[in-house]
Amino acid sequence: MITSIVLIKTSVDRIPEIAEAIAAIEGVSEVYSVTGSYDLVAMVRVRRHEDLAEVIPGRLNKVPGVAQTETQIAFRTYSQHDLEAAFALGLDE
């Protein structure tokens with residue numbers, strides 16, 4: 001699974017509507033309304049790199065009100081959930 005983090009600038013008066021439209025796109029797993037220089041952050045998870053082109057420039061960037069995006073592609077994923085599962089392997093209580 002390929003994970004991409006998309007930083008999104010939008011029309012600020014329509015953030016909730018734009019976030020909902022982006023969240024409805026297949027391949028988008030979450031959309032966060034955030035503080036800072038971007039208005040939204042979308043997590044995109046797809047099976048192939050080629051699918052990123054379909055999801056991000058092909059659909060997400062075309063949502064009315066999306067003004068600008070910056071895409072980051074994750075090399076590895078680290079999470080507390082993953083660490084807990086790894087340490088629990090082979091342990092019987």
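This is a predicted model: local features need pLDDT of at least 70, side-chain atom pairs count only at pLDDT 80 or more; totals for chains, interfaces and linings use all residues.
Residues are numbered from 1 along each chain as its sequence is written. Local features need pLDDT of at least 70, side-chain atom pairs count only at pLDDT 80 or more, totals for chains, interfaces and linings use all residues, and side-chain values use heavy atoms, with hydrogens and water left out.

The protein contains 3 helices and 4 strands, taken as DSSP runs numbered from the N terminus (helices H or I, at least four residues; strands E, at least two). Along the sequence these elements follow the pattern β-α-β-β-α-β-α. Of the 93 residues, 30% are buried; buried means under 20% relative accessible area, exposed over 50%, and partly exposed in between (1.4 Å probe, protein chains only). The protein exposes about 6,600 Å², of which carbon and sulfur atoms supply 53%; areas come from the Shrake-Rupley method with a 1.4 Å probe. Among contacts (heavy atoms within 4.5 Å) with a separation of 6 or more, 66% join residues 24 or more positions apart.

In helix α1 (residues 15-23), the buried residues are Ile15, Ile18, Ala19 and Ile22. Seen down the axis of α1, they fall within an arc of 100°, so they line one face of the helix; the arc is that of the directions from the helix axis to the C-beta atoms. An α-helix has 3.6 residues a turn, so residues three or four places apart point the same way. The cover over the buried residues of α1 includes strands β1 (2-10), β2 (28-33), β3 (40-46) and β4 (66-73).

The largest nonpolar core has 19 residues, and Ile8, Ile22, Val28, Val44 and Leu60 touch the most other members. Such a core is a set of buried Ala, Val, Leu, Ile, Met, Phe, Trp, Tyr and Cys residues joined through side-chain atoms within 4.5 Å. Two or more residues of this core come from each of β1, α1, β3 and α2 (49-55). Leaving aside residues up to four places away in sequence, Ile8 has contacts that include Ile22, Tyr38, Leu40, Leu60 and Val66.

The whole structure holds 2 salt bridges, each a side-chain nitrogen of Lys or Arg within 4 Å of a carboxyl oxygen of Asp or Glu. One joins Glu30 and Arg45 (3.0 Å, N to O). Glu30 lies in strand β2 and Arg45 in strand β3, so the pair ties together parts that are 15 residues apart in sequence. Glu30 is partly exposed, at 29% relative accessible area, and Arg45 is partly exposed, at 32%. Arg48 forms a salt bridge with Asp51, with the closest N and O atoms 2.9 Å apart. Here Arg48 is partly exposed, at 48%, whereas Asp51 is buried, at 18%.
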